Each structure stands twice: as C-alpha cells, then as structure tokens.
Amino acid sequence: MANNERILAVLHALITRTEAIGVRELASALESSRSTINRILLGLTEHGLAVASPQGTYTCGPRLSVLACALQDRHPLFALGRTLTEDLSVKTGATALMAVHDAMNRQAVVLTSHSQPGPVAYSLDPGTELPLHAGATGRAILTRTGIEALGQLPLEPRTAETVTDYEELGKLLRHDRKVGYTISVGHQFPLAAGAAAPFAFGNLIGSVSITRPTYSTSDEDLTVFGYMVRQASDQISSSHATDVSLQSTDRITNPAGATALERVVRLLTALCTSPLSVSSGKSLASRINGNPATTNRLVSSLVAVGLATEDAGVLQAGPRLLHWAALLGPQLDFSSMARPILENLSRETGETIGLSEYNRESANAEMTLVINGVKPLHYRLASNVPIPLHAGSAGKSILAFCDERVLASVPLDPLTEKTPVNRKDLAKDLAEIRERGWAIGHGERLPDAFGISAPIFQDRVIAGSVTATIAQVRLPETDLDLLIESVQGAAAQITRLLSVE
C-alpha cells in the first residue's frame, strides 16, 4: 500500500469507527507497520484531523468536522436531499431517505433522512450503509448502474424475502426500469415496505426512497409512493447545481516543503470547499504544493477509493467523501473544539477564560464555555448566559466586526454605571477595536471586572470571541501586554481551526 493510500485508509478508519482505535489495532487492520501508522497518526494530530487520548488511542479530530460541515454547506445535494426527504416524510408519515452509490464497497450510503415521530418508525441515520441487492434504496440504484455493480459476489439474504438469485434479480431490475421506480416488501428489513427511484447528480448516482411498516402500507400506497419518489429523483437529476469557486486562505509559504500528508489535506480541503469543480493539472499541483507526477498519483488515489470523481480534467467530491460528511454531521460543537485551546490559555495565564459564540441570524451572543482561573483571586463566570454586544469586552469584540445594521439595532441598556449608552461614542470605540484587533471592558457589564477579548472568525466572518476576565484589584500586578498577546493567539488558533477559506 502506497503512502497516499495508507493516509486515506487511516482517515477512513477514524471516521467510520464508533470507538477509539490504537496504533497496534489499526496497523493490523491495514496490514502496515506500527511505526508507519504511528507516524501518520501523529501527522493527522498536528493538522487537527485526529485526537490522541491519554491511553494512546485515536479518534476523529475537530478539523474533520469543520471540513464535513463545509462540504454539507456547499454541496447542493445535501440541502436538496434534506428538503426533499423532509417533505416526503411529512406527506406520507414515513421515513424518507436519500442515498448515493458507493461503487468501491458495492453499497448505498444514506446522506439525508427524515422520519416522523411515533411508536414505530424505520430510523436510518445519515452515513448508514445499505446493500444494493436488498431493499428499494439499493435496488433503485442498480437500475442505473446495472447488475454488474454487484461484481458477481454471492448475494447475502437479509430476510427470508431477499432475492439472492442473479437471474431473478435481473428480471426485477428490468421491470423497475420500465415503471421508473422500485418497490420492495420485506427484502431488507422484515415488515418494511418501500419505494425508491434513482437519480444522477453530476458524477453521482443515488436514489430517493420512502419506507413504512407493511401493516400500515397497502399496495395502492406503494404505487403512490413510487410516483412521489420518481418526481423527487427527477427534481434532483434536473437540478442545476451552482458551482462554489475554490478560494482559500491556506496560502503556500514553503513551495519545497509539502509532505504527502499536507498534500492530502490540501486536496481534501479543496474538494470540501469547492465540491463540484476542482480543476486538476498544473493549477491543482500548485494548489496542493506538489509536482505534476505526485499530484496525479494523489488524484488517482482519491478516485480509486471514491473520495473524488474526475471528468474532463475536473474533480468533484466523490461518494466516499460525502459518506464521511454524512457520518460526521452538519453541525460543529464549537465549545468542544475550542476547549483544549482555552484550557491551555487558562493554564498559561492563570486567568478565567470565556468563549462567546455569535449567532448571525439572531444577532445574539452567548458565553458557552468558561474555564475558571487558578490564581488565588480570580473572577468566576457563568456559562450558557447571554452576552450583551454593547457592554464588556466579549460583546464589543464581536460587535466591532458585525454589519453596521447590527450596531444600529442593539439596545444600549445600562448594566452598570460604566456601560456605554451613547451610540456615537460606542461606534468610535468599535472602530478602535477593529484597528488594533482586541477589546477591553472595565466594569461595563460586571462591576469590578476587567476583560480583554479578541474576535474569532470563521471564513472571515465574525463567529465569537475569547475573553480573559480579571478581578479589578489585581490589575496593577497583571502584565496586560502579555495577556493581550496570549488572548489574541488563542483566538487566532480557533479561527484557523474553524476556517477553510
């Protein structure tokens, strides 16, 4: 196994396993030496793609979640799938799925799913792997790929109703192609009835399906479901995705120094940020800091395992990359990701450190995480409390980088006698914060508290702030310049972790 393939295999193992894995176990599974796997894991850890436990085991790193969120935000299939499956689920009272074909593993992978509350439901989470030959979801895909996609392997019986004979399965597929949808009753799950229809989206083949318990689903219902999923699949096939151009702030500063791991990370980042159009060739070689030969080998490795597809010199996110994103999910746990950085900041400074998160839709901020200081006299803060944008360093460091309309709409409620209540004076203070890159607050929100904050950005958009809070009586003994530098450094670390552009 070549180096690129080993790196990708280690990533796949980290993402698809539900439990932490050790070097010895992973080396055995991948038939590689422990020294090689250990070196790869250490490199992944440095890039935030893996996290090591004190016991020496490894799990997915926060950077993988960031990339997964970027891909889910930017690949139109996720948004379209969520909308369609929710609509189908609401209209039918059933579980609706959208899945894509993973040719490498001869299976279907669920990307989006939606089910209705109730005592009985078929719940298949995003990332679930389904067979191609059993059940409507996979069989609908076979109507597009052809039965050859099964590779002539023995067909596993999932239930007593599963079709395991190739000739019989071929007859079913020919019938399904004629009517435009697939119906399955008890072929994948006992007492489950479903209908599915295939779609093609760029280089991807998939299906949309509806599944409901057999005892509440008639033959007439299945026919109606068939027409519904066919309409949904036609909508996906006919949709014209909007290309997201490839931009990144990950600039190359050492053209001669990129490692194989760094090139893998850069190409995966490119596919997550521009999933429908990454140009290969010389421009990609420059982008990932490799010569044409090493770039071509890396592209071949990604295509071989389904992380990318290539057509006419253009790369697109492949089914395995979408599978990873589906497993990791569309949401970031901001506090968990930032905690190690803030704990380190608190250890270094001895001060109470807070993380504030900004919600752009509601224009509200909340302090979601607090690491209390270790010095004998320190300020204790509460977490999960709203933060005013106009008072205190945590809020002002956010407000300084918000749209002017946010400043105009913020109520200037007096919280202490030092709270800014004059909008003109506040605007001047915010301009100074933008220029120097950090904010101070002296008793504006909390009496007798002094705060220093630096903003956090996600892809150049304000996302929150890091704050060090000091009891006012300790100000004379505090090295404020050093504390400002430390707070800014922590905020910059979190910004780099969150951002893909």
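**View 1. Helices H1 and H9 cross in a right-handed sense.** This is a predicted model. Helix H1 covers residues 3-16 and packs on H9 at an angle of about 60 degrees. The axes of H1 and H9 are 10 Å apart. An angle of 65 to 115 degrees would count as roughly perpendicular. H1 and H9 are therefore oblique to each other. From H1 come Asn3, Asn4, Ile7, Leu8 and Leu11. They meet Ala260, Leu261, Val264 and Leu268 of H9. Sorted by class, this contact of H1 with H9 holds seven nonpolar residues, two polar ones and no charged ones.

**View 2. Helix H9 also packs against helix H11.** H9 spans residues 260-273, and H11 spans residues 292-304. Their axes lie 11 Å apart, at an angle of about 60 degrees. That angle makes H9 oblique to H11. The crossing of H9 with H11 is right-handed. On the H9 side, the contact uses Arg263, Val264, Leu267, Leu268 and Leu271. On the H11 side, Thr294, Leu298, Val299 and Leu302 take part. Seven of the residues in this contact of H9 with H11 are nonpolar, one is polar and one is charged.

**View 3. Proline 275 sits in the loop between H9 and strand S10.** Strand S10 is made of residues 278-279. Is proline 275 buried or exposed? Proline 275 is buried, because its relative accessible area is 1%, and buried means under 20%. Proline 275 and arginine 74 are 201 residues apart in sequence. In space, their C-alpha atoms are 7.0 Å apart. Leaving out residues up to four places away in sequence, proline 275 touches Leu71, Arg74, His75, Gln316 and Ala317.

**View 4. Alanine 365 belongs to strand S14.** The strand runs over residues 364-371. Alanine 365 is buried, with a relative accessible area of 4%. Which residues does alanine 365 contact, leaving aside neighbours within four places in sequence? They are Glu357, Tyr358, Pro386, Ile387, Leu389 and Ile398. One of them, leucine 389, is 24 residues from alanine 365 in sequence. The C-alpha atoms of alanine 365 and leucine 389 are 7.0 Å apart.

**View 5. Histidine 390 lies in the loop between strand S15 and helix H14.** S15 covers residues 385-387, and H14 covers residues 393-399. Histidine 390 is buried, and its relative accessible area is 3%. A polar atom of the histidine 390 side chain lies 2.8 Å from the backbone oxygen of aspartate 413. Residues up to four places away in sequence aside, histidine 390 touches Lys396, Leu399, Val410, Pro411, Leu412, Asp413, Thr419, Pro420, Leu426 and Glu444.

**View 6. The whole protein has 17 helices and 18 strands.** The C-alpha trace spans about 85 × 50 × 40 Å along its principal axes. The protein has 501 residues, and 53% of them are buried. Take the contacts between residues at least 6 apart in sequence. Of these, 62% join residues at least 24 apart.

Notes. Residues numbered from 1 in each chain as written. Predicted model: local features only at pLDDT ≥ 70, side-chain atom pairs only at ≥ 80, totals over all residues. Heavy atoms only, no water. Helix = DSSP H or I, 4+ residues; strand = E, 2+ residues; numbered from the N terminus. Buried < 20%, exposed > 50% of the residue type's maximum accessible area, 1.4 Å probe, protein only. Polar contact = N/O pair within 3.5 Å; in protein donor to acceptor, adjacent residues only side chain to side chain. Contact = heavy atoms within 4.5 Å. Axes fitted to C-alpha atoms, helices over the stretch in contact; angles between N-to-C directions. Parallel < 35°, antiparallel > 145°, perpendicular 65-115°, else oblique. Left-handed = near helix turned anticlockwise from the far one by under 90°. Nonpolar A, V, L, I, M, F, W, Y, C, P; charged D, E, K, R; others polar.
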